[in-house]
Structure formats: structure tokens, C-alpha cells
Amino acid sequence: PLLGPARGARPRAPVAAAMADWERYEEEHRNAVTIVQRKLREMQADQNLRPADFLSMYLEAESELGEAEAYLRAMETELQAAKGARRRELQNRTGEYKTALRTTERELQHLRHTVEERELKAGAGTSAEGRRGRLVQGNQVLDSTTQTLEESRRVLADTEVVGAGIITD
């Protein structure tokens with residue numbers, strides 16, 4: 001049949017399905033964080049990185065942070081189906097991932113501020129108007145990207161609410 005399991009196959013129990021999904025989300029979350037950390041190390045290592053290249057790498061890392069956050073929220077939704085000790089274990093792991101993600105996010109923000117400060121100091125010999133224009137332009141790009149990520153997060157949250165409703169039904 002087009003709907004349901006194939007003939008002779010046993011359907012997964014809802015709890016088992018939720019745990020399999022949680023583990024898949026966990027893997028995707030770890031992959032996204034790994035990408036962010038790699039980008040962070042690359043940006044920290046290259047002190048001569050051009051501002052445009054830094055901005056590109058920063059935006060990629062910020063996008064991956066958004067992905068990692070989305071997977072964390074999906075993990076939280078899925079662990080609602082877990083019971084007892086397994087649920088506590090998954091909640092603890094999810095909490096640890098959240099803490100680590102916040103630390104990585106702060107490191108990325110700190111690096112951005114450090115690079116911006118370095119660029120402003122290095123540009124002391126150029127016109128103030130030119131420096132200001134570049135700074136405003138860079139901030140506009142960052143603000144636009146942040147708005148896009150926030151909208152994606154809102155859509156994901158709405159989707160999670162619908163998914164949680166389906167799980168409870």
C-alpha cells in the first residue's frame with residue numbers, strides 16, 4: 001500500500017521512532033557545530049584575512065549556528081516521547097549541547113568584535129567617511145543575515161509546534 005508500512009514489516013513504535021529521530025538530530029547538530037568550530041579556528045588562525053573573506057566565513061558560521069540551534073529544538077521536541085531514565089539522560093545531553101553551543105556562539109561574536117576593532121585601527125590613515133561607510137555596509141549585511149536567520153527560526157518553531165501536536169495525537 002502507498003500508506004503505512006510495507007506488507008510484513010513491523011511499524012516502529014512511536015517512542016522508538018522519536019528516539020531514532022533524536023539521534024539523527026543529535027548527529028546533524030554535532031556536524032553543524034563542527035563546521036562552526038572549524039570556521040572559527042580558520043578565522044582565528046589567519047590574521048591577514050581580508051575583511052570580505054572574514055565576513056563571508058563569519059556569515060557561513062552564523063548560518064551553521066542557526067542550523068545547530070534548530071536541531072537542538074528538534075531534539076527537545078523528540079525527547080518528549082522518552083520516559084524515565086532515558087528521558088533524563090537525553091535532557092542532560094541536550095543541556096550540555098546547549099551550553100557548548102552558547103560558548104561557541106560567544107567565541108564567534110568575540111572574534112567578530114576583535115576583527116572589527118582591528119580593521120578600524122588599521123584604517124586610521126584612511127578617511128573617516130570611508131571607514132564609516134565600510135562599517136555601515138558590513139553591519140547592514142550582518143543585520144540582514146540575522147533577520148533571515150530569525151525568520152528561519154520562527155518558521156522552525158512553528159513547524160515544531162505542529163510536529164509536537166502530531167506526536168501527541
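**Helix contacts and buried residues**

Biologist: Is Leu-90 buried or exposed?
Modeller: This model is predicted. In it, Leu-90 has a relative accessibility of 0%. Buried means under 20%. Leu-90 therefore counts as buried.

Biologist: Which helix holds Leu-90, and which residues does Leu-90 touch, not counting residues up to four places away in sequence?
Modeller: Leu-90 has its place in helix H3. Leave out residues up to four places away in sequence, and its contacts are Met-19, Trp-22, Leu-79 and Ala-82.

Biologist: How far apart are the C-alpha atoms of Leu-90 and Met-75?
Modeller: Along the chain, 15 residues separate Leu-90 and Met-75.

Biologist: How many residues in the contact of H2 with H3 are nonpolar?
Modeller: On the H2 side, the residues include Phe-54, Tyr-58, Leu-65 and Leu-72. On the H3 side, they include Tyr-97, Leu-101, Leu-108 and Val-115. Across the contact, two residues are polar, eight are charged, and the nonpolar ones number 13.

Biologist: Why do Phe-54 and Tyr-58 count as a stacked pair?
Modeller: The structure holds two aromatic pairs. In the pair of Phe-54 and Tyr-58, the ring centres are 6.0 Å apart. Planes under 30 degrees apart count as stacked. The pair is stacked because its planes lie at 25°.

Biologist: What separates Phe-54 and Tyr-58 along helix H2?
Modeller: Both residues are buried. In helix H2 they are four residues apart. That spacing means a separation of about one helical turn.

Biologist: Where is His-29 found, and is His-29 buried or exposed?
Modeller: His-29 is found in helix H1, residues 14–45. Its relative accessibility is 2%. His-29 therefore counts as buried.

Biologist: Which residues does His-29 touch, not counting those up to four places away in sequence?
Modeller: Set aside residues up to four places away in sequence. His-29 then touches Ala-68, Tyr-71, Leu-72, Met-75, Tyr-97 and Leu-101.

Notes:
Residues numbered from 1 in each chain as written. Predicted model: local features only at pLDDT ≥ 70, side-chain atom pairs only at ≥ 80, totals over all residues. Heavy atoms only, no water. Contact = heavy atoms within 4.5 Å. Helix = DSSP H or I, 4+ residues; strand = E, 2+ residues; numbered from the N terminus. Nonpolar A, V, L, I, M, F, W, Y, C, P; charged D, E, K, R; others polar. Phe/Tyr/Trp six-rings, centres within 6.5 Å; stacked < 30°, edge-to-face > 60°. Buried < 20%, exposed > 50% of the residue type's maximum accessible area, 1.4 Å probe, protein only.
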